[in-house]
Amino acid sequence: MSAATAAAEPTADTGTRASAPVALRRAAARVATGIGVMWAAATVAYVVLHAMPGKIEDILVGDQTYPGAQEAVAAEWGLDRPPLVQYLDYLWRLAHGDLGTSYAMRQQVASVVGDQLWPTVQLTLAAAAVAVGLALAVAVGTAGRARPLRALASVAELVATSMPVYWLGILLLMVFSFGLGWFPLTADSGVASLVLPAVTLGLPMAGLLSQVLRESLEATLEQPFITTVRARGVGETLVRLRHALRHALAPVINLGGWMIGNLLGGAVITETVFGRPGLGAVTLTAVTNKDVPVVLAVVLLAAFAYVVISTLVDIVNLLIDPRLRTR
Amino acid sequence: MRDLRPLAAVLIATLLLAGCAPSGAGSPTSASGTSLTWGVTTEPQCFDPHRSTQQNAFIIIRNYVDSLIAKKPDGTFAPWLATRWKISKGGTAYTFRLRDDVTFSDGTRFDAKAAKVNFDYVADPANATDAASLLVNYRRSTAPDPHTLRIELKKPDSSLLESLSSVKLGFLSPASLKKGDTLCDASRSLVGTGPFTVDGYTRGQSVRFAKNPRYDWPPGHSEHRGPARLNTVTYRFLPEYSTRAGALSSGQVDVIEGVQPLDVPLFKDVKGFQYLTGPSRQTSFTLNINYTRGPGADIRVRRALRDGADLDAVVRAVYRGTVPRAWSNIGPDNSDYDASLKGSWGNDPKGANRLLDEAGWTGRDGDGYRTKHGKRLTIEVGYPQPYVRDNRDVLIEALQAELRQNIGLDLDLKINTAGEFTDQKAHGDWTIYPNTLNPLDAGMELRQVLGSTEFLYGNVRGYDRKLDAMINRALATTDLDERRPLLARIQRRAVDRAYIVPLFAPHYQIAATDEVHGLGFETQLDSPANNYAVRVGR
């Protein structure tokens with residue numbers, strides 16, 4: 001499990017006081033909690049899906065009924081067994097790495113979700129990069145500067161955060177794809193097809209991060225230690241980048257970690273507007289069709305992503321804030 | 001989110017009309033003249049003709065799947081993989097003479113045995129195919145010689161020819177059928193006899209087809225023979241209306257399917273573009289009223305609901321004159337549509353109010369709705385979210401506003417889930433269900449929405465036995481002279497007793513650059529035809 005090793009390394013590297021067994025114990029606890037979270041998420045999703053109205057076999061059969069259709073479908077997918085048996089069977093297969101077969105798409109869930117995973121991860125990472133890059137540039141550039149500049153940045157941030165992703169996507173498409181022809185929709189892959197979706201998804205996040213970061217930066221710049229640094233004759237840029245930024249990052253990283261998890265929701269809309277492959281559309285159809293195996297796989301994946309992200313956030317916090325390492 | 005779409009469309013339309021975007025002329029994709037790119041609304045969940053349930057999937061599937069016979073616009077059938085056929089006197093045995101030069105794209109021969117394997121596969125309950133609903137009366141088929149196929153039925157079924165012309169009963173090679181479930185994936189194992197073969201698929205993005213160079217067996221009424229004219233066809237999945245329109249305007253795709261009313265002026269009668277609309281033979285978008293439940297059990301209430309609004313105006317306002325309002329639930333271009341219904345009902349608020357007074361709904365509550373014994377006159381329209389599309393919810397909302405104002409009836413639109421609706425079906429307690437059906441034989445369509453054994457009324461007690469008997473009689477006869485008047489009477493009875501309130505007749509829209517030729521629609525499906533006849537060039 002990559003999260004486990006990743007979690008263990010920095011503690012061992014940086015914490016001179018933490019002996020290896022302690023680090024191992026911490027890592028093991030992380031892994032155990034992670035698995036617990038994923039199991040709980042899958043179980044809750046399973047219960048909720050089965051509590052939703054409508055029998056799965058009836059939904060699968062749809063309007064085109066014929067005598068015996070429901071029974072045939074139920075038998076085909078093993079839906080005629082008691083829910084508890086189905087649940088245990090699901091866990092058993094899951095433990096063996098089998099995510100099952102999609103009811104609606106009739107394909108291996110592992111391959112469906114696997115195919116769609118990378119485009120979504122790609123989009124999410126690119127959007128996060130856009131958000132972090134923009135937020136850093138804007139916040140560092142404008143914190144504590146002249147009033148008009150800050151006001152301009154504030155307005156831009158407000159617009160970016162409050163603009164619906166759908167609108168933003170259409171607007172960007174209109175100007176840069178349909179109008180200027182820089183980023184054709186038909187581009188099969190590569191960076192060109194990623195730029196507009198990433199900006200669409202990343203911009204609202206950039207607005208929020210930048211707001212938080214600037215406020216945090218401004219508070220930091222007021223601190224006595226900054227005055228000390230300045231007194232040593234350090235230039236303004238270096239003061240901001242080297243001393244203030246590191247101090248101001250902590251709240252932003254916690255917020256950012258949480259927001260990356262939320263990007264999956266925004267990805268549904270972005271993927272639809274740009275006709276991009278990804279988990280968003282697959283998840284949406286799966287939920288409305290009660291395609292249990294697909295929904296569960298996505299839930300597991302999301303839970304896994306949260307575990308990994310929260311671990312990463314903790315590690316990054318350890319790296320930028322030495323005070324945490326001694327605890 | 002939904003409410004923003006028209007705004008976005010207006011914005012795009014304005015900018016494009018103002019000349020902000022380059023025109024489609026000399027578009028890069030059509031430069032070679034042998035490849036074509038579509039922008040389509042829907043990515044099929046399943047590419048297997050026998051298992052797919054989405055109407056929009058068949059547009060794509062038709063590129064690699066042929067049928068025994070083809071339906072012509074006049075309602076009769078043309079030869080396709082079968083050159084001629086004979087129906088036995090009792091209507092229970094159909095004998096087809098098959099072409100002897102047809103091969104699947106994997107090189108194996110299409111013969112009577114291959115056809116039999118396909119039908120047996122579909123009809124076998126163990127395979128749980130969706131197309132099995134077309135073969136409920138199928139007993140078996142036999143292949144007395146390689147080019148003769150005999151289909152035997154359990155009882156006469158006048159819808160069989162229509163069903164056989166459907167892509168759902170098209171043919172896959174017996175070898176690929178053995179792969180069963182996995183055929184839902186658009187892989188090269190999907191082997192049919194059609195003019196194209198699957199060449200590549202990126203889920204969530206596009207599917208690509210290559211010409212089948214050996215193809216020489218188009219439907220009898222085709223204009224050319226031999227292989228298709230295009231070398232490759234790509235379907236790009238662009239679910240967003242505005243994105244598709246923009247992609248076509250800027251020459252990034254050659255053809256789009258699904259044009260929203262606001263975008264029509266971008267392409268219709270515009271130099272460099274063409275705009276086509278398909279036929280409407282499928283069922284119209286219709287409110288099916290459960291005539292055994294609540295206020296809807298009273299014929300006076302149902303008739304008031306039917307006539308209480310100016311449907312012409314409502315449909316025109318929502319769709320800007322791009323679609324006709326409906327008179328029957330059978331589409332106006334269907335040869336079994338009862339044209340006498342036109343002008344026979346609707347837009348009579350005065351009469352509707354009188355009916356409601358008679359029915360005892362004479363009180364009024366604070367919101368202006370009619371009441372009886374203190375209870376508001378409310379009927380719920382349960383509309384499953386997955387089926388909500390092309391502003392149909394907006395249409396119902398517009399109707400809701402009219403009915404409230406005109407006659408004080410509360411048409412309560414509730415967007416629910418497929419699961420909730422399934423539950424209502426199982427208990428027979430749905431109240432109004434709005435829907436259209438995939439194109440089927442008209443008799444089958446009427447049975448689906450009004451018959452006592454089907455999805456709507458299967459669990460409803462107290463259905464109209466007389467209507468049910470008429471439907472069954474229509475389906476049992478193969479005599480067109482008896483059948484057509486019977487189907488017309490069924491439509492009249494359903495409208496007269498307001499079991500159904502037909503709203504509008506939907507059709508497919510295609511917009512394309514003017515360099516694309518040979519675009520058209522498939523009669524049996526109402527939807528864009530495959531790319532066999534299409535070519536690109538000046």
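Is B:Cys46 buried or exposed, and what is its relative accessible area? In this predicted model, B:Cys46 is buried, with a relative accessible area of 4%.

Let me turn to its partner. B:Cys46 is joined to B:Cys184 by a disulfide, with 2.0 Å from S to S. A search of the whole structure finds one disulfide over all chains. The link is left-handed, with -80° about the S-S bond.

I now come to the salt bridges. Side chains of opposite charge can pair when their charged atoms come close. The structure holds 30 salt bridges over all chains. One of them pairs B:Arg492 with B:Asp338, whose closest N and O atoms are 3.1 Å apart. B:Arg492 belongs to helix H15 and B:Asp338 to the loop between H9 and H10 of chain B, so this pair connects parts that are 154 residues apart in sequence. B:Arg492 is partly exposed at 36% relative accessibility, whereas B:Asp338 is buried at 7%.

Another salt bridge links B:Arg376 and B:Asp365, at 2.8 Å from N to O. These parts are 11 residues apart in sequence. Salt bridges with shared partners join B:Asp365, B:Asp367, B:Arg376 and B:Asp410 into one network.

Finally, the surface. B:Lys466, B:Arg473, B:Arg489 and B:Arg497 gather there in a patch of positive charge. Of these, B:Arg473 lies in helix H14 of chain B and is partly exposed, with a relative accessible area of 41%.

Notes:
Residues numbered from 1 in each chain as written. Chains lettered and ligands numbered in written order. Predicted model: local features only at pLDDT ≥ 70, side-chain atom pairs only at ≥ 80, totals over all residues. Heavy atoms only, no water. Patch = residues over 30% accessible without salt bridge, like charges linked within 9 Å, V, L, I, M, F, W, Y side chains within 5 Å. Areas by Shrake-Rupley, 256 points an atom, 1.4 Å probe, with all protein chains shown as cover. Salt bridge = Lys/Arg side-chain N within 4 Å of Asp/Glu carboxyl O. Lys, Arg positive; Asp, Glu negative; His and termini not counted. Charge placed at Lys NZ, Arg CZ, Asp CG, Glu CD. Helix = DSSP H or I, 4+ residues; strand = E, 2+ residues; numbered from the N terminus. Buried < 20%, exposed > 50% of the residue type's maximum accessible area, 1.4 Å probe, protein only. Disulfide = S-S within 2.5 Å.
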